[in-house]
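Reader: I would like to learn how to read strands, sheets and cores from a model. Can we work through one case?

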Amino acid sequence: MRISAVLGCVVSIGLAAPAVKADVSLPAVFGSHMVLQQGRALPVWGTADPGEQVTVEVGPAKQHATADKRGQWRVLLPSMNASFDTIRFVVRGHNEITLEDVLVGEVWLASGQSNMEWPLSRSDNGAEEVANAALPGLRLFRVVRTEKVPVAPKDVEGAWAVSSPESAADFSAVAYFFGRRLLNTLNVPVGLVGTWWGGTPVEAWTSERGLKSNAEGQRMLMGFGTKTAETREERLAAAAQYEAALQQWDDANRHHDGINEGEAAGYANPGIPEAGWTKTMAPGHWEDSGLDGDGAVWFRKDVAVPATWVGQELHLGLGLLNDCDTIYVNGTKVGQSCRDTPTTHGRPRNVVVPASLVKPGRLLVAVRIFDERGRGGFSSDATGLYLQNASGEKLSLAGRWNMRVEKLLPSMEIDYSVRPKPPVGYPHPSAPHALWDAMVAPLVPYALRGFLWYQGEANAHRAYQYRSLFAAMIKDWRKAWRQGNTPFYYVQLANFVDRGPKEEWAELREAQTMALSLPNTGMAVAIDVGNPNDIHPINKLVVGERLARLALANDYGKPVVSSGPLFKAAKVQGHSIRVSFAFAEGLRSSGGELSGFTIAGADQKFVPATAVIDGDTVVVQSDEVAKPVAVRYGWEGAPVCNLQNGEGLPASPFRSDRWPEITKANH
């Protein structure tokens with residue numbers, strides 16, 4: 001029965017009610033302050049009522065479309081020239097959408113894991129860089145990383161913003177520095193589209209179609225299952241059932257925090273007596289100090305503040321805290337993180353200390369950690385504990401702290417064998433094609449110039465497999481955008497001492513280098529800017545600038561050297577091996593004698609070698625190897641190596657041999 005409300009009364013009528021009209025809509029990547037790619041035809045798409053007439057006006061161009069039976073429409077606008085003058089962008093259907101402050105210039109998409117995600121505010125000189133980030137010609141779009149990967153997503157969440165201290169602080173430092181260099185050099189608007197998720201493997205960023213294109217991708221799909229046999233509704237129902245069961249299990253298998261009794265007792269306040277507090281070392285877990293159990297434990301440390309820091313805003317780094325934390329400075333709460341703060345929970349804790357709290361004398365840092373289960377305390381290495389001022393100067397907070405128990409709970413005994421298992425195809429962030437589906441596919445086919453990529457750490461233990469998976473991903477993205485061999489520039493892994501075999505990272509770097517065989521690719525070498533003890537080097541300026549060199553040289557015709565020396569060939573000459581390189585003009589050492597070279601004979605035993613520059617080659621030899629066969633350079637996780645070209649760009653690690661070939665079993 002059809003009903004209608006008339007003067008507050010509900011009556012039965014025989015006439016059909018007017019059909020509800022759906023608003024014409026655009027995907028999130030279209031918004032005010034965006035940048036459109038110059039010199040390319042511009043796809044614009046969205047949704048409306050099936051059969052609805054849609055008009056799109058962008059600058060001088062005007063196109064019409066009719067929404068298909070699924071309510072989808074699309075137009076292709078002619079290319080436009082770059083300009084800092086804003087253009088008109090209007091979409092009309094049953095309703096009208098007007099976007100403001102739209103520019104035409106250069107657009108790049110940046111993606112990867114945590115080193116691409118690493119924000120500007122936490123890079124070298126982060127506070128100063130953020131303060132100077134007001135760049136009207138640079139526009140930033142960041143795909144919002146949700147707490148979990150959405151099931152069957154139709155769009156991403158995000159909005160364009162003009163670069164400013166507020167918008168740039170949490171944006172990728174690498175992408176920001178890349179974009180700033182392009183803006184300053186090309187003098188055209190630059191738009192950066194950022195989509196990243198820390199700790200994720202390359203297969204998560206590749207479509208199902210792309211993974212099926214090679215044997216290694218097919219292996220990944222077989223291991224995780226695929227979604228092809230399920231409808232969207234079935235996946236949604238299965239995911240909802242799993243998530244409800246997982247939440248119930250998780251709630252039953254962890255301690256829940258209660259009242260913060262320590263705060264009420266003044267544990268965060270300066271000047272309280274030390275009676276009842278014990279000495280401990282941080283970082284570390286309290287179980288290692290003989291404290292057995294979960295619960296709430298407080299940590300305090302007095303820090304002598306340099307006179308030049310007084311009245312400055314500071315950044316406080318505490319590393320990863322297990323599991324929930326409340327952070328105080330001089331008795332004032334400056335940060336808090338637990339499950340209800342998914343953007344910070346489970347990540348290294350970095351908070352801002354307001355300038356008003358930085359007074360002459362000593363500064364008291366107090367941290368309440370509530371451990372829900374497992375081990376409690378400071379889980380990062382010593383480099384993660386620090387105070388930093390706006391100039392990038394740091395004080396280490398590692399070492400002796402005071403500790404006091406607020407409440408100790410019995411250790412949680414957990415049977416993980418009964419933990420609910422995800423259904424086949426559930427979009428875990430490490431699952432094949434999960435992040436492509438959720439965080440890349442909805443951006444296709446937004447017109448852009450090229451791609452930036454910084455990832456590989458999550459695949460370091462499967463380096464042989466990365467050879468084909470990485471190449472498959474590059475081809476997959478290009479095929480999706482249908483712009484030909486779209487430029488694809490990536491960062492080679494920096495130096496880092498991993499806990500696995502020392503050659504794993506060298507092998508992963510080699511797999512990355514192999515991708516240079518694909519057309520329109522380029523690699524920014526970072527072997528000289530890493531922190532051997534931290535997977536996240538904070539010198540992101542150098543990395544972003546090296547990526548920008550690739551684009552400026554290859555895509556914009558600028559006279560810049562785009563790369564450091566890349567291995568070409570090794571030729572045995574008597575007792576030595578002569579190594580030749582591409583990008584070798586002005587070969588030199590970055591300091592002292594050349595280091596990082598090893599040499600071996602037929603016995604495959606590599607020994608340190610002396611290396612001497614001869615023009616655009618390096619001659620390598622060792623008195624221990626009379627008949628050399630192979631040479632390597634920088635072939636370990638965190639090598640000490642110093643070869644560079646005249647531009648100061650470092651040589652990429654390499655090997656001339658294949659002994660032994662990377663284990664194919666370690667997939």
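Predicted model: local features only at pLDDT ≥ 70, side-chain atom pairs only at ≥ 80, totals over all residues.

Reader: Which way do the residues of β18 point?

Author: C324, T326 and Y328 point one way. D325, I327 and V329 point the other way. Both sets are buried.

Reader: Which strands pair with β18, and in what sense?

Author: Count bridges for each partner. Strand β21 (residues 362-371) pairs with β18 over six bridges, in the antiparallel sense. Here T326 stands opposite R368. Strand β19 (residues 332-337) also pairs with β18 in the antiparallel sense, over five bridges. There the bridge partner of D325 is S337.

Reader: Now a sheet. What is the strand order in the open sheet of four strands?

Author: The order is β29-β30-β35-β34, with antiparallel pairing. The edge strands are β29 (566-573) and β34 (610-614), and each pairs on one side only. Neighbouring strands are turned by 25° against each other on average, direction ignored.

Reader: How many bridges join β29 to β30?

Author: Seven bridges join β29 to β30 (residues 576-582), and the two run antiparallel.

Reader: Last, the cores. Why look for nonpolar side chains buried together?

Author: Because nonpolar side chains tend to be buried together in soluble globular proteins. In this model, the largest nonpolar core has 102 residues. L36, W73 and F89 have the most contacts inside this core. Helix α10 (residues 463-481) gives the most to the core, with 10 residues.

Reader: Which residues are in contact with L36, leaving aside its neighbours within four places in sequence?

Author: Sort them by position. Among them are L42, V58, M80, I87 and F89. V102, L103, V104, G105 and V107 are also in contact with L36.

Reader: What does the second, separate core include?

Author: This core has 40 residues, including M116, F171, Y176 and L192.

Conventions
Residues numbered from 1 in each chain as written. Heavy atoms only, no water. Pairing = 2+ DSSP bridges. Axes fitted to C-alpha atoms, helices over the stretch in contact; angles between N-to-C directions. Core = buried A, V, L, I, M, F, W, Y, C linked by side-chain atoms within 4.5 Å. Buried < 20%, exposed > 50% of the residue type's maximum accessible area, 1.4 Å probe, protein only. Contact = heavy atoms within 4.5 Å.
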